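Student: I am new to this structure. Can we go through it in short questions?

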Amino acid sequence: MMTGSDDKNLNGFLEFVYDFYKTMKAHEICLVYEGKITHQITKAFVSLAEAQMEEDQETVRVQRTVFHVLVECLQNISRHADDHESASIFSGKGIFVVSKNSDIYCVTTGNAVLNEKISALTKMIDDVNELDGSQLRNLYMKQMREGRLSEKGGAGLGFIDIRRKTGNKLEYYFLPVSDKISFFMLSTTIPRII
Amino acid sequence: MEVLHIEATEDSPDIMLDQEKEIFEISGRSLPEDVNTYYKPVLEWIKEYSKNPNRRTIFKFRFSYFNTASSKVILDILTIFEEMIEEKHDVLVRWYYPVKDEDMLEAGEEYSEMVEVPFEFIAFQHIN
């Protein structure tokens, strides 16, 4: 038996879900995930997105580009989200949002990072954003040649690859969480006509 | 040498390395959780093969997709071929790319600039 107050809570919650749904629709969000981002999750999302794009009859080129961006973004989080203190509610977790409108796909990720990593990350993304096509090509080749695979399997190539494949700059934002960590948000847009 | 065959999965390519039958091929999609672990036996096999290779080696890469971490390993493989060529062995890379996938063709062209190994580029009809 449900008591009156439970009813009220439930209604409140259902209203929230409806508002949430409306908000998602308003922002044209087609995929959202919050939680631990593992390799299994990465594979599941990638195939979900593939099936969806197939249904939406996206061109092969758009499908491939979105695929590239999804994999690099998700693998970034699954490799790095565990780097910081485990006590935090953000540990090992992240948020992952895919939205689209008639012109673009937008892939946005968010995960906690240690504050001490902010300056290196900022520099890395700013550097990549400033380069043009042939400079990006040279940097990619240089990084492949000189870079080493980390223990986690990262090659330091993800941002360069995303920038090259989409032709767009990476947008990012750091929201302070505590004196130790910040929430790192990264957003990439992929034109639907390429 | 013993044949090395690793069957494809949804995130890793099919690998066939057979010295006797002269089949050397990596094909499919490559985004394994851990590229180091996945490609370790492959790199070891090729390294061992390079010590006593066939008169001519035609190595086929037939990727439909690979992630950035895999791109680094591909260069490691090509570097072994480069060393073989320095030792006067005959090695040719056949780089297959899905028809109309200019990025995959370009990736192959970039590799061919990075290592002193002859490349041939061949388009193939990709079926998902």
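Student: Over how many bridges do strands E3 and E5 of chain A pair?
Tutor: This is a predicted model. In it, E3 of chain A spans residues 104-114 and E5 of chain A spans residues 181-191. They pair in the antiparallel sense, and the count of bridges is 11.

Student: Which residue in E5(A) stands opposite A:Ile104?
Tutor: A:Ile104 belongs to the stretch 104-114, which is strand E3 of chain A. Its opposite residue in E5(A) is A:Pro191.

Student: Which are the edge strands of the open sheet in chain A?
Tutor: The sheet has five strands in the order E1-E2-E3-E5-E4, with antiparallel pairing. An edge strand here pairs on one side only. That leaves strand E1 (29-36) and strand E4 (171-176) of chain A.

Student: What angle does the direction of H3(A) make with that of E3(A)?
Tutor: From one strand to the next, the sheet twists by 15 degrees on average. H3(A) packs on this sheet and touches E2 (93-100), E3 and E5 of chain A. Its direction and that of E3(A) make an angle of about 10 degrees.

Student: Which element gives the most to the side of chain A that touches chain B?
Tutor: In this contact, 21 residues of chain A meet 19 residues of chain B. Helices H2, H3, H5 and H6 of chain A each give two or more residues to that side. The top contributor, with six residues, is H3(A).

Student: In chain B, which residue of E6(B) is the bridge partner of B:Trp95?
Tutor: Strands E5 (90-98) and E6 (119-124) of chain B pair in the parallel sense over six bridges. With helix H3 (102-114) of chain B, they make a right-handed β-α-β unit. The partner of B:Trp95 is B:Phe121.

Notes. Residues are numbered from 1 along each chain as its sequence is written. Chains are lettered from A and ligands numbered from 1 in the order in which they are written. This is a predicted model: local features need pLDDT of at least 70, side-chain atom pairs count only at pLDDT 80 or more; totals for chains, interfaces and linings use all residues. Two strands pair if DSSP finds at least two bridges between them. Helices (H or I, at least four residues) and strands (E, at least two) are DSSP runs, numbered from the N terminus. A crossover is right-handed if, with the strands pointing away from the viewer, the path from the first strand over the helix to the second runs clockwise. Two residues are in contact if their C-beta atoms, placed from the backbone, lie within 7 Å. Axes are lines fitted to C-alpha atoms, for helices over the stretch in contact, and angles run from 0 to 180 degrees between N-to-C directions.
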